[in-house]
Amino acid sequence: MTSSTSTNRTSLWGGRFSGGPAEALARLSVSVQFDWRLAPYDLAGSRAHARVLAHAGLLDAEELGKMLAALDDLEAACASGAFRPTVEDEDVHTALERGLLERLGTLGGKLRAGRSRNDQVATDLRLYLRDHARGVALRLVELADALVEQAERHVETPAPGMTHVQHAQPVTFGHWLLAHVQPLLRDLERLRDWDARAAVSPLGSGALAGSSLPLDPVQVAKELGFATAAPNSMDAVADRDFVAEFLFVTAMIGVHLSRLGEEVVMWTSQEFGWVELDDAFATGSSIMPQKKNADIAELARGKSGRLIGGLMTVLTMLKGLPLTYDRDMQEDKEPAFDAVDQLQLVLPALAGMISTMTVRADRLAAAAPVGYTLATEVADWLVRKGVPFREAHEITGKLVALCVARDCALDEVSDEDLAAISDHLDPDVRSVLSVKSALAARTTYGSTGPGPVADQLAAAADKLITWRTWSEESVVPR
Ligand code: ARG
């Protein structure tokens, strides 16, 4: 086997090596192609670090001024694309140090004092994810808003609520749509809870042991918008809980979107015919001219696989790693970035699909009583008359069996037949045998009746206003 070597002019670690890294090592090791997106966060960390070095007397005022100006210039060059990483830059930190050296000469080399890529990368990723969690949250709010808006139109629209995909009891379609909003509200809470735990700055931990230089990690943390600095430098450079936990939240979101997607696929099928998608949010077939497919819903369902996979990737990678930093941890970034990217793609598409879809209220209402969904009303009616539920269930079961045998509805049974099934059944029972009365009877907190659904809707809409504000707050200072 031959090993070709390449010399690396910008490397951060060449001193004790006699030659450059083997080509195969360089190619395995390089992460700049995906971690370049951390550049703005790395630069923010550099600005804070430069100030702390100056405060410690390790940079004089003039050097600090030059350093900050060069960092600003580099940031602008990164943003415009004038400064790009090259194949020789191992990672984002290497590339940015090169950019600084190009601007400042040897002065640029002072910034690395008291700092390591280990605390840098952990800091950058926390900043990136905290920033982007808010972006994901905003997209979640927009999807939830779209669902709430549709729900508003269907507070009273009856639908056949299901368990096991079998008609179970009538519900309002507004309640059904809001049942997709509640998990999104929990996801928003998860993001905020996660954010509070992620708001800890590793900067100042150095490679693993902190620093002998008079740095001020607490001040740096404050400058970078963190709540606090890490209390243990070894934990700080090794901790990727925040990545795994973020990926759990995104996987959970994926599962929620998948369920919504699956329902839209069913609702738009010929068999259901409950929903028609707007042309702009549906796709056609290359061979069957009549087709209109719910590809957005299917992609939402499909994306959950990779979101769950990202969580598994990171947990498996972390399992059994010894303290402190291990290079394995470089593998944390792609799943985290991918989760953000996928959600930023799928959430706006779903929101557009939901807000433009047409709900066929007539078909939903017609389907609501089908399959004896009012049977529970009969049993509850018997209970109100003092019949133990066990017996009421039995009696109602007999009534259903009779209707099935005669292929008729529950309210089409004669007075005589009712009496024959049970002494407790009298013609009065017909008063509960309408979908409208069944829904109106559901007045308790959280029920599907129009009253509680209107309350739920108002509460959800209120919460979403608060979440929008939270999502739009910026956490990373310029
Ligand atoms: N690219 C590395 C990562 O993402 C940065 C930290 C490298 N540190 C080191 N000691 N090699 O984890």
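Before anything else, I noted how elements are named: helices (H or I, at least four residues) and strands (E, at least two) are DSSP runs, numbered from the N terminus. This is a predicted model, where local features need pLDDT of at least 70 and side-chain atom pairs count only at pLDDT 80 or more, while totals for chains, interfaces and linings use all residues. Residues are numbered from 1 along each chain as its sequence is written, and side-chain values use heavy atoms, with hydrogens and water left out.

**Entry 1: loops and backbone**

I went to Tyr372 and found it in the loop between helix H13 (361–367) and helix H14 (375–384). Its phi is positive, about 60°, although Tyr372 is not a glycine. I read Tyr372 as partly exposed, with a relative accessible area of 23%; buried means under 20%, exposed over 50%, and partly exposed in between (1.4 Å probe, protein chains only).

Val165 also has a positive phi, near 55°, and is a residue other than glycine. I located Val165 in the loop between strand S1 (158–163) and strand S2 (166–172). Val165 is exposed, at 53% relative accessible area.

I then checked the peptide bond joining Leu323 and Thr324: it is cis, with omega about 5°. Thr324 sits in the loop between helix H11 (295–318) and helix H12 (333–356).

**Entry 2: the ligand shell**

Which residues are around the ligand? I listed Ser31, Asp91, His93, Arg117, Asn118, Val121, Tyr325, Gln330 and Lys333, taking a residue as near if one of its heavy atoms lies within 4 Å. By class I get 2 nonpolar, 4 polar and 3 charged residues; Ala, Val, Leu, Ile, Met, Phe, Trp, Tyr, Cys and Pro count as nonpolar, Asp, Glu, Lys and Arg as charged, and the others, Gly among them, as polar. Helix H6 (residues 117–153) gives the most to this shell, with 3 residues.

A polar side-chain atom of Lys333 is 2.5 Å from a ligand oxygen atom. A ligand nitrogen atom is 3.0 Å from a side-chain N or O atom of Asn118. For Asp91, I noted 3.3 Å between a side-chain N or O atom and a nitrogen atom of the ligand. Taken alone the ligand exposes 340 Å², and the protein buries 87% of that (Shrake-Rupley method, 1.4 Å probe).

**Entry 3: domains**

The assignment, automatic or from a database, gives domain 1 (23–113), domain 2 (118–160 + 171–367 + 457–471) and domain 3 (375–433). Why does the ligand lie between domain 1 and domain 2? Both give residues to the shell around the ligand, so it lies between them. Over C-alpha atoms, the centres of domain 1 and domain 3 are separated by 77 Å.

Methods. A polar contact is a pair of N or O atoms within 3.5 Å; within protein, one must be able to donate a hydrogen and the other to accept it, and residues adjacent in sequence count only if both atoms are side-chain atoms.
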